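Take a look at the chain shown here.

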Amino acid sequence: MPHFGATRVLTSALTLTGLALVVYLLTYDGAPVVWLSVLAAMGFGLGASMTAASSVIMLSTPEKHAGMAASVEEVSFELGGALGIAVLGSVMTALYTRAMTVPAGVDATVADSFDEALLASESLGDAAATQLRALARGAFDEAFIGVIALASLFVLGVAFGIWRKAVAPH
C-alpha cells in the first residue's frame with residue numbers, strides 16, 4: 001500500500017474480486033480446477049481489500065482515537081457481513097420461489113426452499129421424485145446465478161465508486 005497507494009490497492013482488489021465473481025458465474029458448473037482458481041483469486045482480492053480498508057481506517061485516525069476507530073471498523077465489518085447475508089439470502093429465496101415450478105400433487109411448500117423440495121421428494125415415487133429434484137435444482141441454479149450476478153455488480157460498483165471519488169476534482 002505504501003508503494004501503490006490506498007486507492008489503487010482498494011480499487012484493484014475490489015475489481016479483481018468482482019471479475020472473479022463474474023468468471024465464477026460463468027464457470028461454476030465447470031471443472032473444479034477452474035472455479036477453485038477463481039475462488040482463490042476472489043479470496044486474494046477480498047483479503048487485499050479488507051487489509052487495505054483496515055489500514056486506511058487506522059492510519060487516518062489520530063492515535064488517541066485508535067481504540068474508537070478499531071471499534072467502529074469491527075462493528076462495520078460485522079454489520080456489513082450480517083446485512084450482506086440477510087439481503088443476498090432474501091434475494092436468493094425470492095428468486096428461488098419465483099423460479100420454482102411446483103408439480104401437481106406436491107405440497108406448495110417446496111417452493112419455499114431447496115431443502116423442502118428435497119425432503120418432499122423422499123416421499124414420492126422415483127419418477128416424481130426425480131422430476132421434483134430437477135425442478136428444484138433448476139430453480140436453485142437460477143437463484144444462485146442471480147445472487148452471484150448481483151454481488152459482482154455491487155463489488156464492481158463499489159470499486160468504481162472508490163476510483164471515481166479519488167479522481168474527481170475536489
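## Ala-20 in helix H1

Start with Ala-20, which sits in helix H1. This is a predicted model. Is Ala-20 buried or exposed? Its relative accessibility is 6%. Buried means under 20%, so Ala-20 counts as buried.

What does Ala-20 touch, once neighbours within four places in sequence are set aside? Its contacts are Val-38, Ala-41 and Met-42. Now compare sequence with space. Ala-20 and Ser-152 are 132 residues apart in sequence. Yet their C-alpha atoms are 8.3 Å apart in space.

## Thr-27 in helix H1

Helix H1 covers residues 6-27, and Thr-27 belongs to it. Thr-27 has a relative accessible area of 19%. The cut-off for buried is under 20%, so Thr-27 is buried.

Which residues does Thr-27 meet? Not counting residues up to four places away in sequence, Thr-27 touches Val-34, Trp-35 and Val-38.

## Phe-140 in helix H5

Phe-140 is part of helix H5. Its relative accessibility is 29%.

Leave aside the neighbours of Phe-140 within four places in sequence. Its contacts are then Met-92, Tyr-96 and Phe-114. Thr-93 and Phe-140 are 47 residues apart in sequence. From C-alpha to C-alpha, that pair is 8.9 Å apart in space.

## How H4 meets H5

Next comes a pair of helices. Helix H4 spans residues 114-121, and helix H5 spans residues 126-167. Their axes come within 9 Å. They cross at roughly 175°. Angles over 145 degrees count as roughly antiparallel, so H4 is roughly antiparallel to H5.

Which residues form this contact? From H4 come Phe-114, Ala-117, Leu-118, Ala-120 and Ser-121. From H5 come Ala-129, Leu-132, Arg-133, Ala-136, Arg-137 and Phe-140. By class, the contact has eight nonpolar residues, one polar residue and two charged residues. Phe-114 and Phe-140 are named in this list, and Phe-114 is also one of the contacts given for Phe-140.

## The whole chain

How many helices and strands does it have? There are five helices and zero strands. Read from the N terminus, the elements run α-α-α-α-α.

The C-alpha atoms fill a box of roughly 65 × 35 × 30 Å, taken along the principal axes. The radius of gyration of the chain is 21 Å. A compact globule of 170 residues would have a value near 15 Å.

## Surface and contacts

How much of the chain is buried? Buried residues make up 25% of the 170 residues. Ala-20 is a buried residue, and Thr-27 is another. The chain exposes about 10,600 Å². Carbon and sulfur atoms supply 69% of that area.

Finally, look at contacts across the sequence.

Note on methods: Residues are numbered from 1 along each chain as its sequence is written. This is a predicted model: local features need pLDDT of at least 70, side-chain atom pairs count only at pLDDT 80 or more; totals for chains, interfaces and linings use all residues. Side-chain values use heavy atoms; hydrogens and water are left out. Axes are lines fitted to C-alpha atoms, for helices over the stretch in contact, and angles run from 0 to 180 degrees between N-to-C directions. Helices (H or I, at least four residues) and strands (E, at least two) are DSSP runs, numbered from the N terminus. Angles under 35 degrees count as roughly parallel, over 145 as roughly antiparallel, 65 to 115 as roughly perpendicular and the rest as oblique. Contact means heavy atoms within 4.5 Å. Ala, Val, Leu, Ile, Met, Phe, Trp, Tyr, Cys and Pro count as nonpolar, Asp, Glu, Lys and Arg as charged, and the others, Gly among them, as polar. The radius of gyration is taken over C-alpha atoms; the globule rule is 2.2 Å times the number of residues to the power 0.38. Buried means under 20% relative accessible area, exposed over 50%, partly exposed in between (1.4 Å probe, protein chains only). Accessible areas come from the Shrake-Rupley method with a 1.4 Å probe; for residues, only the protein chains shown count as cover.
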